[in-house]
Amino acid sequence: MLSNKFCRIGILAGMGPRSTAPFIESVLDECERQYGAKNDIDFPHMIIYSLPTPFHPKEPIIKEDMVKSLQIGIRSLTEANCDFIAVPCNVVHQFYEDMTKMTNIPILNIIQETINAIGVQSSKVGLIGTRSTVENQLYQPYLHNNNKDIYWTEHIQCQVDQLIYDVKQNREMEELIQQWKNIEMELVENGVTDVVCVCTDLYFCGSYTSLNFFDSSKILAKSLVERYLAFK
């Protein structure tokens, strides 16, 4: 049996499946940056649950099915006696209150962590995420409160939907980058200076942009390590 003398981080990942490894890499990078982790023993204990969910970027989410799926992952991490849980997926945070009722373990909120990181300086932002995240207004009220002018069009959203779909279909990276550059071009032409990326499947876009890029996945990784250090 594992000792209770160390902090266990629970990560409910797999949403989508190809976003898990980049998120873990971001966590490890933050360990190196925040407290100089170098050797194997320096890194935290992490219990990673890759959860298949009933999500399709071009179809509506059925709440009952999604909540049932989330219960499986939350229950497993609870039974593993994690000290806190991170969920690197924005769209399921529309069910954040449901998730918190499934366990007595604290769950980091990717939306609040991202909003806190963006700050309140006035700017025009492009909101890039799944249709469900955007249509359920998970970020817009907070961005408006932080003096952000949001640029969004149906044309942009259709391109983003297709890009997320193609990521999940494991298309060639060169093709995915070109799709992103087409989206970026429209943002730039309409005066956008900042991108708020609220889909963890689009982790790679930040490496191919001239815009200020706020990646919710990397922001959550940073917050996770900060929380871990508070436990030590």
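Predicted model: local features only at pLDDT ≥ 70, side-chain atom pairs only at ≥ 80, totals over all residues.
Local features need pLDDT of at least 70 and side-chain atom pairs count only at pLDDT 80 or more, while totals for chains, interfaces and linings use all residues. Residues are numbered from 1 along each chain as its sequence is written, and side-chain values use heavy atoms, with hydrogens and water left out.

**Domains.** The protein chain is assigned domain 1 (8–110 + 219–231) and domain 2 (112–216); such bounds come from an automatic or database domain assignment. The centres of domain 1 and domain 2, taken over C-alpha atoms, are separated by 21 Å. Contact, meaning heavy atoms within 4.5 Å, joins 22 residues of domain 1 to 25 residues of domain 2.

**Core.** A nonpolar core is a set of buried Ala, Val, Leu, Ile, Met, Phe, Trp, Tyr and Cys residues joined through side-chain atoms within 4.5 Å. Buried means under 20% relative accessible area, exposed over 50% and partly exposed in between (1.4 Å probe, protein chains only). The largest such core has 30 residues, and Phe23, Leu127, Tyr139, Leu143 and Leu224 have the most contacts inside it. Elements supplying at least two residues each include strand E1 (8–13), helix H1 (20–35) and helix H9 (216–231); helices (H or I, at least four residues) and strands (E, at least two) are DSSP runs numbered from the N terminus. H9 gives the largest share, 5 residues. Both domain 1 and domain 2 give residues to this core, so the core lies between them. Leaving aside residues up to four places away in sequence, Leu224 touches Ile9, Ile11, Phe23, Val27, Phe84, Ala86 and Leu108.

**Helix pair.** H4 and H9 pack at an angle of about 95°, with axes 9 Å apart. Axes are lines fitted to C-alpha atoms, for helices over the stretch in contact, and angles run from 0 to 180 degrees between N-to-C directions. H4 is therefore roughly perpendicular to H9, a label for angles of 65 to 115 degrees. Ile110, Glu113, Thr114 and Ala117 of H4 meet Ser216, Ile219, Leu220 and Ser223 of H9.

**Two residues.** Lys218 lies in helix H9, and Phe6 is in the segment before E1. At 46% relative accessibility, Lys218 counts as partly exposed; Phe6, at 25%, also counts as partly exposed. Phe6 touches His45 and Asp83, not counting residues up to four places away in sequence.

| Pair | Apart in sequence | C-alpha to C-alpha |
|---|---|---|
| Lys218 and Lys63 | 155 residues | 27 Å |
| Phe6 and Met185 | 179 residues | 47 Å |

Notes
Parallel < 35°, antiparallel > 145°, perpendicular 65-115°, else oblique.
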